[in-house]
Amino acid sequence: MLTPPRIRRETPQRYRLEAGKCKKCGEIYFPPRLICRECQGREFETVTLPGTGKVAAYTVIRTAPTGFGDQAPYAMGVVELENGARVLCQVADCSPEEVKVGLEVHLEFRRIQAEGESGVLAYGYKAVPER
């Protein structure tokens with residue numbers, strides 16, 4: 001459930017594709033972390049992720065969770081961005097059969113879901129094939 005405080009807390013990475021880059025070793029984390037797994041550094045700078053990349057892995061959701069039933073079947077993919085960071089998101093604007101490893105995509109900011117009776121809208125990014 002996406003409550004208003006959680007939405008506000010996740011706004012930078014959810015809405016602006018901001019990641020954390022370790023100042024010590026340069027490793028990029030999305031979502032941002034508090035401690036670098038490579039060097040255990042604790043100082044990070046904010047970087048904006050590039051909006052293009054390739055599908056590195058994917059799966060097709062045929063039995064969707066509550067709130068997404070009208071979208072099934074749909075593909076969820078791990079997109080490796082140009083700088084090496086990876087993002088998990090829905091692959092949209094194509095049939096699940098069109099999704100392949102290596103498919104070039106760009107990220108678009110879109111509505112993800114409406115939160116039940118409360119009507120809170122959640123926005124984020126979806127991967128769209130380059131045409």
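Is C36 buried or exposed? C36 is buried, at a relative accessible area of 1%; buried means under 20%, exposed over 50%, and partly exposed in between, with a 1.4 Å probe and protein chains only.

1. Basis of the note. This is a predicted model, in which local features need pLDDT of at least 70 and side-chain atom pairs count only at pLDDT 80 or more, while totals for chains, interfaces and linings use all residues. Residues are numbered from 1 along each chain as its sequence is written, and side-chain values use heavy atoms, with hydrogens and water left out.

2. The sheet. Three strands form an open sheet in the order β2-β1-β3, with antiparallel pairing. The edges are held by β2 and β3, each with a single partner strand, so one side of each has no neighbour in the sheet. Strands are DSSP runs (E, at least two residues), as are helices (H or I, at least four), numbered from the N terminus; two strands pair if DSSP finds at least two bridges between them.

3. Strand β1. Residues 18–22 make up β1, and four of these five residues are buried, so the strand is largely enclosed by the rest of the structure. Five bridges join β1 to β3 (residues 44–48), and two join β1 to β2 (residues 28–29). A19 has V47 of β3 as its bridge partner. K21 stands opposite E45 in β3 and opposite I28 in β2.

4. The hairpin. Five residues lie between the strands in the hairpin of β1 and β2, where G26 takes a positive phi near 85°.

5. Cysteines. A disulfide is a covalent bond between the sulfur atoms of two cysteines; here the criterion is a pair of cysteine sulfur atoms within 2.5 Å. The whole structure was searched and zero disulfides were found. C22 is in none, and the nearest cysteine sulfur, that of C39, is 3.5 Å away. C22 counts as buried because its relative accessibility is 2%. For C36, the closest cysteine sulfur is in C25, at 3.6 Å, which is too far for a bond.

6. The second largest pocket. Its volume is about 150 Å³. The lining includes I28 and Y29, together with E27, F30 and R33. By class, the lining residues divide into five nonpolar, one polar and four charged. A pocket is an open set of points on a 1 Å grid over the protein atoms alone, where a 1.4 Å probe fits, with protein on both sides within 12 Å along at least five of seven lines; lining residues have an atom within 4 Å of a point.

Terms used
Grid points are joined across faces, edges and corners, and a volume is the space filled by probe spheres set on the points. Ala, Val, Leu, Ile, Met, Phe, Trp, Tyr, Cys and Pro count as nonpolar, Asp, Glu, Lys and Arg as charged, and the others, Gly among them, as polar.
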